[in-house]
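Please look over the structure shown here before reading the report that follows. The text takes up a pocket, a helix and a single residue in turn.

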Amino acid sequence: RQRLLANDLTLFRPDPGTDDLDDLAGDVDTDEPQDPLSWDEIRAAALAVGDTDTKLDRFCEVLEQTNLWDGGQVLVFSFFRGTIAYLEHHLGQRWRVRSMHGGTKMADRQKLREEFRCGEFDILLASEVASEGLDLEFCNVVVNYDLPWNPMKVEQRIGRLDRFGQEFDKIFVVNFHAPDTIETGILDRLSQARGG
């Protein structure tokens, strides 16, 4: 939405390797010609959406209601750097937040881990770079803001906290998902694998 309202036309360029926009449309079987939307119609639709982000609003409610789970720290996973930057901007207005992603140098990742361990911030936003090889046994909450479709990836994420040396009696796992989607099925499989 922000890119549309900023007149960023790169959203409408085909991916490299495609010959034209027809390749992106797939096999659409229709007898009627399709009129493309005008730029003004696209901008009007983007404006009509408004600034509401119900997923972010719900996430903030959960964080506020639980008071960061009795003083613990929160590890939040997302796939996309854009989402991580977005969350860092919005959550940073209320909490102490830092981020880690593929563009974070290895030395900086360890430094972030130590700063997190020392309580210099409350929420670490991370991409998949934190799902393996980074031990965060001092943290007690993991949030899957974007839920992977592979249940093993979810287990790897949880494994960053659920390990030898865990300092809390309970670990909280929060999974954001849309009802009646593949995400719900993944959560059902995970629940069965973990014994309910």
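## The largest pocket and its surroundings

Helix H1 (2-5), helix H4 (54-71) and helix H5 (81-91) each supply at least two residues of the lining of the largest pocket, where helices (H or I, at least four residues) and strands (E, at least two) are DSSP runs, numbered from the N terminus. This is a predicted model, in which local features need pLDDT of at least 70 and side-chain atom pairs count only at pLDDT 80 or more, while totals for chains, interfaces and linings use all residues. Residues are numbered from 1 along each chain as its sequence is written, and side-chain values use heavy atoms, with hydrogens and water left out.

A pocket is an open set of points on a 1 Å grid over the protein atoms alone, where a 1.4 Å probe fits and protein lies on both sides within 12 Å along at least five of seven lines; its lining residues have an atom within 4 Å of a point. Asp51, Asp53, Leu56, Tyr86 and His90 are the lining residues that lie nearest the centre of the largest pocket, and H4 gives the most to this lining.

| Feature of the largest pocket | Value |
|---|---|
| Space | About 350 Å³ |
| Lining | 15 residues |
| Share from H4 | three residues |

## Helix H6

Which residues of H6 are buried? They are Arg109, Leu112, Arg113, Glu115 and Phe116, buried meaning under 20% relative accessible area and exposed over 50%, with partly exposed in between (1.4 Å probe, protein chains only). These residues cover an arc of only 165° around the axis, which puts them on the same side of H6; the arc is that of the directions from the helix axis to the C-beta atoms. On the other side of H6, Ala107 and Lys111 are exposed.

The buried residues of H6 pack against strand E1 (74-77), strand E2 (97-100) and strand E3 (123-126). After H6 comes glycine 119, which has a positive phi, near 80°.

## Leucine 91

Leucine 91, found in helix H5, is buried with a relative accessible area of 0%. Leaving aside residues up to four places away in sequence, leucine 91 touches Leu56, Phe59, Cys60, Leu63, Val97 and Leu125, a contact meaning heavy atoms within 4.5 Å. Leucine 91 and leucine 63 are 28 residues apart in sequence, and their C-alpha atoms are 9.8 Å apart in space.

Notes: Points joined across faces, edges and corners; volume = space filled by probe spheres on them.
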